[in-house]
Structures are given as structure tokens and as C-alpha cells.
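Keep the structure open beside the text as you read.

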Amino acid sequence: VAVEGGASAHVTSRAAAGSYETLLVSREENITTITLNRPAKKNAITKQMYNEIIAALEEAAKDDSAITVFTGAGDFYCSGNDLTNFSKIPEDGIKAMAERGGELLRKYVKAYIDFPKPLVAVVNGPAVGISVTVLGLFDLVYATDRATFHTPFTQLGQSAEGCSSYTFPKIMGNAKASEMLLFNKKLTAAEASRLGLVTEVFSDSSFQSEVWSRLKSYAKLPPKGLLFSKLLIRSTEKERLHAVNDAEVERLVERWTSDDCVNAIMSFFQNKAKL
Amino acid sequence: VAVEGGASAHVTSRAAAGSYETLLVSREENITTITLNRPAKKNAITKQMYNEIIAALEEAAKDDSAITVFTGAGDFYCSGNDLTNFSKIPEDGIKAMAERGGELLRKYVKAYIDFPKPLVAVVNGPAVGISVTVLGLFDLVYATDRATFHTPFTQLGQSAEGCSSYTFPKIMGNAKASEMLLFNKKLTAAEASRLGLVTEVFSDSSFQSEVWSRLKSYAKLPPKGLLFSKLLIRSTEKERLHAVNDAEVERLVERWTSDDCVNAIMSFFQNKAKL
Amino acid sequence: VAVEGGASAHVTSRAAAGSYETLLVSREENITTITLNRPAKKNAITKQMYNEIIAALEEAAKDDSAITVFTGAGDFYCSGNDLTNFSKIPEDGIKAMAERGGELLRKYVKAYIDFPKPLVAVVNGPAVGISVTVLGLFDLVYATDRATFHTPFTQLGQSAEGCSSYTFPKIMGNAKASEMLLFNKKLTAAEASRLGLVTEVFSDSSFQSEVWSRLKSYAKLPPKGLLFSKLLIRSTEKERLHAVNDAEVERLVERWTSDDCVNAIMSFFQNKAKL
């Protein structure tokens, strides 16, 4: 997962062919399920994985399924951006690396904004960073009671992404959203549900069976009614979401080249090396 | 209630004259109360009733009352659009019928968007469909604990109206709103209150007395302060609401002529005929 | 605090120099704290105090602190606009007084909209009127369980300010917001927290120690991450907030010269004189 000069923000042809190294993708009973599949790394998202998710969303948009589900393999949902994305500085320097990273992030979030079908998160465990912020772009979010929701941007000298600077205040109001987005508060599943970020919380023991039986019944609804209702809901704010995504990415590219952020990430790796 | 070629989306002169067949309208203690009055049909809204409600709102806007209240006669608040509106195909065909239905719906929702005084729903029992979606355009929603809130569009191949594709996500966030608008979830009164769709829930035994004593005291407030405060609140999103109404109606007119929807409504009547 | 013809909406040079008569301002551990300091008057805001708060916010924006805190001296947080601001009619008449008052209010609310750093309310007791409405412009709102939240505009023939006609419906939905903004409902701290106006409520006995230990840890975060995250959040609606502020002020200037309002304020003083 080292960053290379020739790494591209474009979707690889391997991914476009439907053969993924970091994801499992299945299609049954009108449901396409995209499973983040790096359980040994708590499903942290590498550059390859960003590209594969973009490709999997493009495929799911075109296939015959009625709804699309995201989940994680193992005990974690997703631990966010894999910081090894920042660990090897390429020959053309930090600034060029930050700009390529920004372009990849912009395309990644755009894939969620533009996704045409109902999109469901089955949050099977702790969720961190960008896996939390994009939840504001999902249509349903079901969580096990083991899940937590954490967006520790500012302690790494970074700033909000995934349209969360717009969606979180919209969902829960500034007074609740700021404690997450500015001050790194970690929410329990119950708190996230009360605040509207999560649709419903289930006991971990029955989580999978309850959620999947519900989703299977939802997937039998007339698909065009689903498509057009989602389109109506999204169209009231799609233009706004793209503008927010652009502004967030522009700020992050600046942050990634700042001393604040470089120092915070270097400490992270130094502390890790000491363990 | 059969659909006729000559049926008009315009308010009938009978209604304009204040004499309604499907509503009871009373004025006392600064409160105008509009009661849906087809209890034998669970107050399902026919074409005539849409027109009469538009006319009653126009009258209430101009009368001396300080606030306007909606409620239902009998045990139901309202069971939504009367599907017999679709049961007789006129000579000029389904498409012409759908377009007239769309124009009537557009005017109906517009009447709520433009209503200048505080508008209160006294939800005396179950509420379905358009009687739920327009609640996002009310200023207060009081509900008995017997009330439920159900918007089963997609199972009939239809899509959201009443500006709910905008107001519901605004009120409760996408993760909660989608379960209602896309997946037909029925809310209890307590759930609807927690999500912000309902102002407050009352025990059915004391519902009428508690609500009306509160409303009578509210109706004594200086009326211009009420008018101008409501105007300020509404003006922050009025233009947006009209645009959303237009987009929702355009989609519904397409839906009403689709195979999905025609088949779903035909099954509804066939199942009913078998009972 | 009498209103004088020569009173100016501009910040006084005394205030700009950091020496305040109605506020205490302290700076320690990266936190600037602005304490409303008229406890004998429940921290009611006089014209002088509006000007001093504007000046204190301008100073806090430029100083080295990471976050800025508002609180009140004594048992009250703030009892809102000091009605003695209206008690002496100047030589140039009510209309001119209302226009100057409107201009001062516009600048006051603008100072909150434009404030660049995380802004925290430590609500140490009951809050009334404009001290409540501007809470929608804060990033965090911590409240003692003794706090209440009351915006009794319409009973004084007035209308909403502080951008509350936009922020309150955004935070809690119309059905909840209208009961506060139109019908003068007073919220408990727990209710305000459930509705999203308040971040968290604390037992009065441990309020100060819990809140300040949390704020001190927040103030150690990398300051640029905080600044830029707040900037992203605010920039999604800054233009809208200024437009809402202008519309609310324009309406209030009209209200202040209306019979409704003049009579309501005269009764207030007559009732007070009788006590």
C-alpha cells in the first residue's frame, strides 16, 4: 500500500472487471453487498481500496439489484483512512501527494453523493473517520450495539470530510455535531441513533438476522418507486453536497501539507513503532 | 367520487361560498377549525375534498382567526388519498387523468406552503399518506397516543409528496426519514414525537381537553406577532418548498401512468373485492 | 442605561481597549471567557452591553486563544434584552430609536455569525430571549440542570431574532421550534438537550468542574484544525445566516414601532411599577 509516483486516482481495470482484492462483493435477492475485507487491519481504507469501492459502487449502480449494502468483515466496521497512505513520501513531494490524495477523496465522496439506489450501512462494529462521515450520505444505517462512531480529525490536525461539515449539523444540529467534528467525541450506537445518524440499533446477538430479514423484504419493493423516491430526496441537496465535498477536499489538501498535520501523523507512527 | 372528464382542479364555487360537503368548518375563540368529515371512509381524501380543503384554507387565511386547526371526525385522522380517485379511467385516458390529478395535488400542497397563519394538526387517530407528508408544513402537530404515521408510497409504486422529500430529511435526518419515505415504516406517536414530526403526544383520554385548552390560550396572543413570526420562519424556505412540490408532482404524474403503479393499484382493488 | 439621542451603534473606544463595565473578560489556558456581569439585573443586556460584547468578540477573534466561552455571573445566564432600552423615548422619536436599535441588533448578531473560533456557551442558569436565540450560532452549549430556555417574543408583540427563525427549525424541526418561537414555550435543560439546542446537561453541583475540565482539554487541540473545521461548518450557511439576520431585524424594527409592541411593553412597566 505504499504511495507511488505513478499511482492513479482512476479506477483500475482490475476493479472495473469486478474482481476485487480488498472487497467482497455479492449479489443475491435483489441486494448487492459490498464487504470491506481487510479484517486484520480493521478494514482501514488504502488507496487501492478507495479505488475498488468507487468501482464497486459504479457496478452496483448499473446491476439489477434494488438496494446496495456496505458492511465490514470481522469485528470492525471500518477504522477509516489507512494512515500508511501517508507513510511514504513520493519523489515529487508532499504537495503532489496531497493533491493526488485530495483528488481520490473527492471522487470517492462523489461516488456516494451520486449513487442512485438506496444505500444501506450495516455497521457491524466500531466505525472511525471517513467511514463515519459518509454515513450522512446513506439512506439507512443499522448498527450493532457494539458499534461506536468516532471522527478524530482535529487531533490529527485535519478537518472534516465526507460532506459531514454539512450533513452532521443538518442531522443533529450544531451543538451536537461540533462535539464530534471539532472535539473528537466518540458516540455509542445508542447516542448515534438518538442524534439521527443511525436509523436503528440492534443487540449484537441478533443483529445480522434481524437486519438481513428486514433488508430482504425491502429489496422486494417495486424498484422504480425506490429509485425515484431516493432521487427526489437527494435532488433537494445534490448541488450543495458537491460544493461541500469540493470545499472540504480543498481544505484537507492544505491540511495534509501543514506542519500541524505532518507532525501529528509522524507522532502517530513514532508511538506505534515504540509499542 | 368518480373521475369525470370535466372535473376541474379549480376550487368550486360551492366550496368558495363556505358550504362544504366533506368538511366541517367552525370559527370560535380566534380559532378556525377544519374537520375532515368522512368518518365512514376514515376521512380518505376525494377530489371534491381536496378542492374543499383548498377553499377552506383560503377562507381561513382571510378570516379574523389567529390560528387554524386541522382534525378528523371519528376515530381516524385521515387515511390519505382516496384510491377511488383512480378507479374510473376517463375518456381522455390515464395520462390526462394523471395530469389533472397532478395539478390538483400541486395546488393542494401549495395551499399549505402559502398559508400565512399558524397551522395546527390535532391528530386524533391514525394518519396515512398525504395527511402525514404535509405535516412537515404545519407549525404544531399534537397527537393522541392512538395515532400512527404511515407513508406507504413505494409499495404502491408511487413516490413522496407534500414536500416530504425535503421536510422529513430536514426534520429527522436521512437515516430516519428514508425508513418512512422509501421503506413504508409506520411510526407510533411516540416515535414521531422523538423524531420531531410531532410536537407532543397526549394520552387519548385527555387528548381533546388538554390540546384545546392550550390552543385557546395560544389564540389570545397578539395576532400580528404570530403572523410575522410565522412569515419569518416560512420565508427562509418558501421558494425551496415550491420547487420541491413541483418536482414531486412531476414525478408522481409519471408514476401514476407507470405499469408499477397501475398494477399495484389494480391489485389493491382486486384484493378489496375479494374480501 | 437610558437611551440617548447620541447613543451609537459603534463599538466604543473604551470597549475596544479591553476595559469593560458590563463584562468580565479573562484569558487563560487557551480559553477566552466573556462573563456577562450584571448579576443584580440577571445579566439583562443594555445598549452598552451589546456594544461591549461586540468589542469583546472582536478582541477574542484576534487573540491567541483556541476557543471562546460565554457565561453569566450569578445565578442567571442572561435575562435577554433589557427592556429599559425602550423606556426613554429620544427627541427624534420612536421610529428613529427603533432604527438605531435594529442596527445595533444587526451588528450584534453579525458578530456571532462571523466569529471564527469555536464558540461555547456555559449556561449557568435561566436563559431568556436573545441569549437563547443566538445559541443556534454557537458550536457547543453546556447547561446546568437549573437552566431553562425561554423566547417570549410574541407575547410582547415582537418576533424572532438571532437567526432563530432559521436555526431553530433546522435544529429541531418546525413542530418543536414553533412552540418556542411562536407560542412562548419555556424548555427545561433536558428538553433543550433532547431537541439539539443544548449539547449536554450537567448536574448543577458538578457543572462548573465538569465543563471546565472538558473545555481545558479541548483548548489544547491543534488550533488550526479547530479554526478550519469551524470555518467549513459555518461556510455552508453563512450567506443564508446574514440574510436571515437582515430579515429578522427589518421585521423587529417594524414591530418596535407597532401598537401591539408599544402597548405590551407599556403594560410590562406598569405591572412592574405596581409591585
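A salt bridge here is a side-chain nitrogen of Lys or Arg within 4 Å of a carboxyl oxygen of Asp or Glu. By that rule, K230(A) and D139(A) form a salt bridge through their side chains, at 2.7 Å from N to O. This is a predicted model, in which local features need pLDDT of at least 70 and side-chain atom pairs count only at pLDDT 80 or more, while totals for chains, interfaces and linings use all residues. Residues are numbered from 1 along each chain as its sequence is written, chains are lettered from A and ligands numbered from 1 in the order in which they are written, and side-chain values use heavy atoms, with hydrogens and water left out.

**Salt bridges and what they link**

- Side chains of opposite charge can pair when their charged atoms come close.
- Over all chains, the structure holds 57 salt bridges.
- One of them is the pair K230(A) and D139(A), which links distant parts of the chain, 91 residues apart.
- K230(A) lies in helix α9 (residues 223-235) of chain A, and D139(A) sits in the loop between α4 (130-133) and β6 (140-144) of chain A.
- Helices (H or I, at least four residues) and strands (E, at least two) are DSSP runs, numbered from the N terminus.

**How the copies are related**

- Two copies of a chain are related by a rotation about an axis and a shift along it.

**Where chain B meets chain A**

- The contact (heavy atoms within 4.5 Å) takes 30 residues from chain B and 32 residues from chain A.
- Chains B and A bury about 2400 Å² between them, with 62% of it on carbon and sulfur atoms.
- Buried area is the accessible area (1.4 Å probe) that two parts lose on being put together, summed over both.
- One salt bridge is counted between chain B and chain A: R214(A) pairs with E179(B) at 2.7 Å, N to O.
- On the chain B side, α5 (164-172), α6 (174-181) and α10 (238-256) are the elements that give two or more residues.
- The largest share of that side, seven residues, comes from α10(B).
- By class, the chain B side divides into ten nonpolar, ten polar and ten charged residues.
- In this classing, Ala, Val, Leu, Ile, Met, Phe, Trp, Tyr, Cys and Pro count as nonpolar, Asp, Glu, Lys and Arg as charged, and the others, Gly among them, as polar.

**Where chain C meets chain A**

- Here 32 residues of chain C and 30 residues of chain A are in contact.
- About 2400 Å² is buried between chain C and chain A, and carbon and sulfur atoms give 61% of that area.
- Chain C supplies at least two residues of its side from each of β6 (140-144), α5 (164-172), α8 (207-218) and α9 (223-235).
- α9(C) gives the largest share of that side, ten residues.
- The chain C side has 17 nonpolar, seven polar and eight charged residues.
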